Amino acid sequence: MKQKIHLLLFFFMCLIKLSFSQQDPQYSQYMFNPLVLNPAYAGSREVLSSVLLYRNQWVNMDGAPLTVTASINSPLKKKKMGLGFHVISDKIGPSSTTQYMGSFAYRIRLGQGKLAFGLRAGLYTYRYDWSKVEYKDKADVFNSQTITQYVKPNFDFGLYYYNRSFYSGIAISHLALSKNTATTQLSDFQNRSALHVVANLGKAFELNKEITIRPSAVIRYTANAPINFDVNASVLLDEKIWLGVGFRSNQDVVIMAEYNITKLMRVGYSYDASTRLIRSANRGSHEFFIGFDIDFFKAKTISPRIFKYN
């Protein structure tokens, strides 16, 4: 029975990846790595900021998603503009996707905060290794190629507003919609890129100098797929440790922690536990990140505490 569950789940994951080849990776610690969600975030931290993140989803399940992300962003000298760059490697079963994206943001004053407009452009590479697919009957092997791969351009747009204790943004990704074809012995298999919309927001409530509470949420919409969302609540203790818990619309429960080693270095970890049938076939999901900040510009216009809120 367990083997049947594994096969069904693996088939389901591959079907999603083939039908929506640009389905973006999922993150539990999105609030600590917002550049990958929204290009308008570039430079808003007011320092040169970099994040390296590793996510191992559905541990102990063959072909489960594995994601590695590296990102860096910084304001320019006059601080009205920001630049960012990220690389994401995402693997699931026999398929893999790598994206190389550069971001540009322009910021204006709005009320007590700033509103940023962001553009992002880059390349997505896709690779599907048919030799990694196990067939019940070798006669069922219908693909005429061992490897299916292609490279496509990608463009995103985002808006991001933030002040000392609040942030909110919305981004539209994969504006360069495209159709791709893989030749098989049975037919030409086609998959299409899907439009993505991601909205996120968070608010920090400083109870005193030692305790700050921050609820946050992210909503994701992909064309021809259900809307999903994450809701989280975190508490900052003595400006050193973030402890949080979250709930995902697919019924995952997320536990997370971040430790600010110094004002310019932080590490974080999260664990996802599924409450669905899939929990019997895996040992949860693990996510690790490490972040570094370098304050070249000695930012004074925004309170340094904003750096811990988003």
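Let's start at Thr98, which sits in strand S4 (residues 95-110); helices (H or I, at least four residues) and strands (E, at least two) are DSSP runs, numbered from the N terminus. The model you are looking at is predicted, so local features need pLDDT of at least 70 and side-chain atom pairs count only at pLDDT 80 or more, while totals for chains, interfaces and linings use all residues. Residues are numbered from 1 along each chain as its sequence is written, and side-chain values use heavy atoms, leaving out hydrogens and water.

Thr98 counts as buried because its relative accessibility is 18%, and buried means under 20% relative accessible area, with exposed over 50% and partly exposed in between (1.4 Å probe, protein chains only). Beyond its neighbours within four places in sequence, Thr98 is in contact (heavy atoms within 4.5 Å) with Val87, Ile88, Ser89, Leu123, Tyr124 and Thr125.

From here, step across to Thr69. The two threonines, Thr98 and Thr69, are 29 residues apart along the chain, and 9.8 Å separates their C-alpha atoms. Thr69 belongs to strand S2 (residues 66-75) and is buried, at a relative accessible area of 0%. Not counting residues up to four places away in sequence, Thr69 touches several residues, including Tyr27, Asn33, Val36, Val87 and Ile88.

Finally, Tyr27 leads us to the core. In the largest nonpolar core, which has 25 residues, Tyr27, Tyr30, Met31, Leu37 and Tyr160 touch the most other members. Such a core is a set of buried Ala, Val, Leu, Ile, Met, Phe, Trp, Tyr and Cys residues joined through side-chain atoms within 4.5 Å.
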